[in-house]
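Here's a quick tour of one model, written for someone who likes cut-offs spelled out.

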Amino acid sequence: MSKNLMIVESPAKAKTIEKYLGEGFVVKSCYGHIRDLAKGDKAIEIENDYNPIYEVSKEKKEVVKELKKAAKDAEVWLATDEDREGEAISWHLCEVLGLKEEETKRIVFHEITQPAILNAVQNPRKLNKDLVNAQQARRVLDRLVGFGISPILWRKIARSGSLSAGRVQSVAVRIVVEREREIRNFEVTPHFKVAAFFEVEDEDGKKAIFKAELPKKIKEEKEVEEFLKDCVGANYTINDIKVRPGKKSPPPPFTTSTLQQDASRSLGFSVLRTMRVAQKLYEAGHITYMRTDSVNLSDTARTAAHSMIGSEFGGNYVQPRVFKTKSQSAQEAHEAIRPTYFDKQTAGNDYDEERLYSLIWKRAVASQMADAQLERTTAKVAISTRSEELSGKGEVLKFDGFLKLYREAVDEDDVQEESGMLPPLAVGQKLELKEMEARERFNRAAPRYNEATLVKKLEELGIGRPSTYAPTISTIQNRGYVVKEDRDGVKREYTLFTLDGKTQKIEKKTDSENTGVERKKLFPTDTGIVVNDFLLQHFPEVFDYDFTAKIEEEFDEIAEGKMEWTKMIDTFYKPFHKTVEVTMETAERAAGERELGVHPKSGKPIIARLGRFGPMVQIGGPDDEEKQYAAIRHPLNLETVTLEDALELFKLPRTLGEFEGHVVKAAAGRFGPYILHNKVFCSLKKDSGLTPLEITLEEAIEVIKNKRIEDAKKLIKEFEDYPDIRILHGRWGPYIKSGKDNVKIPKEKKEEPEKLTIEEVLELIKNAPPKKARGRGSKAKAATTAKSTAKTSAKTTTTAKKKTAAKPKATAKSKTSTKTSPKTKK
């Protein structure tokens, strides 16, 4: 065994580093976290100074075994990432592998290049327990909050057993919920914008259009008409021209959050996708460490950038800059995200890697380039019949500077009309009006968040750190509290007045536009809203923005050795635990309940509330024995559904007619709207535009036919005597469909699933683990399901044997596949 063993987190990182170190080192991967807090509520010994109990997961036991073997008689070097999480992984390795901390060498680097690795090896340090404790404090606190609040949610909210709360994640949900309510409550008010279009000559003597606008908005339609009437027959003169220089400076190199934002705007990447691709680039040695809130570049990096810019663009494009990090908590790394080699303009093994690398390279290089020099012109136009002036603005790029390489993308909600170059104008010049228009516009609410802008908001509030943004955004979506969706806009009419320059006549007309289009925006679900309201009512301080930011600052203090982590946890936990106990005892059940009105025929109340399977409307009160239910479907939700909407929902299921001798019905269920025909469910997909309340028989027949085509593509094998059993292609490979149940096919059988016999299939169905029941009494339900499955499978197997008795080969296979297990024999 080699004398030196270096341990890193990933095989890709190990492969890259090993080629730099030579034969004296063996580099192995621990595949991320080697152990974590034990499962269940016994992972933290609260009475023992919050001592955490860790355990090695099953899938990591073989890894630990290999690392122990490799570490025997070797000098161990821990080279995990340089942030708190990486430091914690190194500490866990020491604990699990039985390494002595004072003798184990810890090295850190923020780029995987040969000079950086060799320099780190020359300058090892000891394990930093302050960083470890900061990470421990985060994990322990998050576990205490989750295990303290989640059982309350199970008991107090309608969807028992399926809800959970997270300290940072719940605050992120709160941000999304509050923005959604802000939008819903926003009062749209109209106004008019006036613009005049004049015909002038450009530098070549050709006709050009000069646009000038009225700076103020006009609120009333009468005022607009009066303004335009005054402009009939008016003269227009250039009253003033102002030219002033301007400049645009490049943004700093990427931090984690700004990379996530720009990758979202420019490349359409989700936060998780950005970090996954960046991780690959880092491990391959193409970029520096990707979890950082620093905008600083090292002297070496800046020198390399200046050299590249000078040779590629010229010396006048070089402008040395030193950026300073605004965030006081910047501690995750020493540098911004940048390419490891500035002379390498392209890198990556696939299209995603190449595009993200290009974005990082351009941003880092542009940060050291010269300002773009502009010339901004403002021309004022006097109206002979009015006191107001029109204003025309233009912008000319005199020197492109960093814009030659990089332009920062903006969110679609922030896109503004760019000022172009103005034609030649002179003070006192008379202008010929071609047309003047007054277009009705509407004020807009603040835009909904997308993943990138939510990260930006979290960073502004001081909530979370570079390593937590991506998992936070993913978790709130995985839990069903927030959804990322595209939503079509709605048609909106607006008024348009025009004054024709030639005829001097005013025309008024009504036009329409599409408004409210959303792309990849975050929307809170009804479950998310109900849980958010409950948490804010009973735990206002825990999920307060300032308090959450303060907790992050305390983690920073622990990392700097200024605070003891157990005292910080104790200060939080004692009052929190009391609130948990009081809430569990006194809080009323919450379901976001709202009474919509009464049923016109029965007189019973109609209520909208959150049920076990999602939002629904209900006819009848709590004590009514004959209640009726209907699921609330998009675009309706608990806060917007009306009595009229509810009455329409109760019309489902609708009978549309017959097809091939069977009734066709349209309905909505737990998993969405569908068509039911001959016991076959055909989902109505979101992008189809079809709804169960409006779909026609002809459209439903088309859905049924398309479903058959899709199923035929999935089919691998079916069995004549068992119409309910089929072998199908699935997302994760081939599987067995038995009635409503899905049964896994073992790995060794997946290569040729079409060769499976009915006997083998029945055996797999028989031995399939029972489904996990959801909600209360899940253990009892699971046990019942298991017994029922076993009985049914046993009967089915017996039937199969009878049917195949006349076939010697099949019988032999059947006997082989149904041998009694050792436990049964015993």
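Let's start with a charge over a ring: Arg 441 lies over the face of Tyr 494, 5.2 Å from the ring centre. The rule here is that NZ of Lys or CZ of Arg must be within 6 Å of the ring centre and within 35 degrees of the ring normal. Before going on, note that this is a predicted model, where local features need pLDDT of at least 70 and side-chain atom pairs count only at pLDDT 80 or more, while totals for chains, interfaces and linings use all residues. Residues are numbered from 1 along each chain as its sequence is written, and side-chain values use heavy atoms, with hydrogens and water left out.

**Charges and aromatic rings**

- Arg 487 also lies over a ring face, that of Phe 523, at 3.6 Å from the ring centre.
- The model has 14 aromatic pairs, counting rings of Phe, Tyr and Trp (its six-membered ring) with centres within 6.5 Å; planes under 30 degrees apart are called stacked, over 60 edge-to-face, and the rest tilted.
- Phe 547 and Phe 572 make a stacked pair, at 6.1 Å centre to centre and 25 degrees between the planes.
- Phe 547 sits in helix α15 (residues 545-559) and Phe 572 in helix α16 (residues 565-586), so this pair ties together parts that are 25 residues apart in sequence.
- Phe 572 is also stacked with Phe 576, because their centres are 5.2 Å apart and their planes are at 25 degrees.
- Within helix α16, Phe 572 and Phe 576 are four residues apart, about one helical turn.
- Ring pairs link Phe 547, Phe 572 and Phe 576 into a cluster with Tyr 50, Phe 539 and Tyr 573.

**Helix α10**

- Helices (H or I, at least four residues) and strands (E, at least two) are DSSP runs, numbered from the N terminus.
- Helix α10 (residues 299-313) has 15 residues and should span 21 Å at 1.5 Å a residue, which agrees with its end C-alpha atoms being 21 Å apart; the expected span is 1.5 Å times one less than the number of residues.
- Its buried residues include Ala 301, Arg 302 and His 306, and the buried residues of α10 pack against α11 (351-366), with contact meaning heavy atoms within 4.5 Å.
- Gly 314 follows α10 and has a positive phi, near 115 degrees.

**The parallel sheet**

- Four strands line up as β2-β1-β7-β8 in an open sheet with parallel pairing; two strands pair if DSSP finds at least two bridges between them.
- At the edges, β2 (25-29) and β8 (105-106) each have a single partner strand, so one side of each lacks a neighbour in the sheet.
- Four bridges join β1 (residues 4-8) to β7 (residues 75-78), and Ile 7 stands opposite Leu 78 in β7.

**The antiparallel sheet**

- Another open sheet of four strands runs in the order β27-β28-β29-β30, with antiparallel pairing.
- Its edge strands, β27 (715-719) and β30 (741-744), each pair on one side only.
- Strands β28 (residues 722-730) and β29 (residues 733-738) run antiparallel and share six bridges.

Technical notes. Buried means under 20% relative accessible area, exposed over 50%, partly exposed in between (1.4 Å probe, protein chains only).
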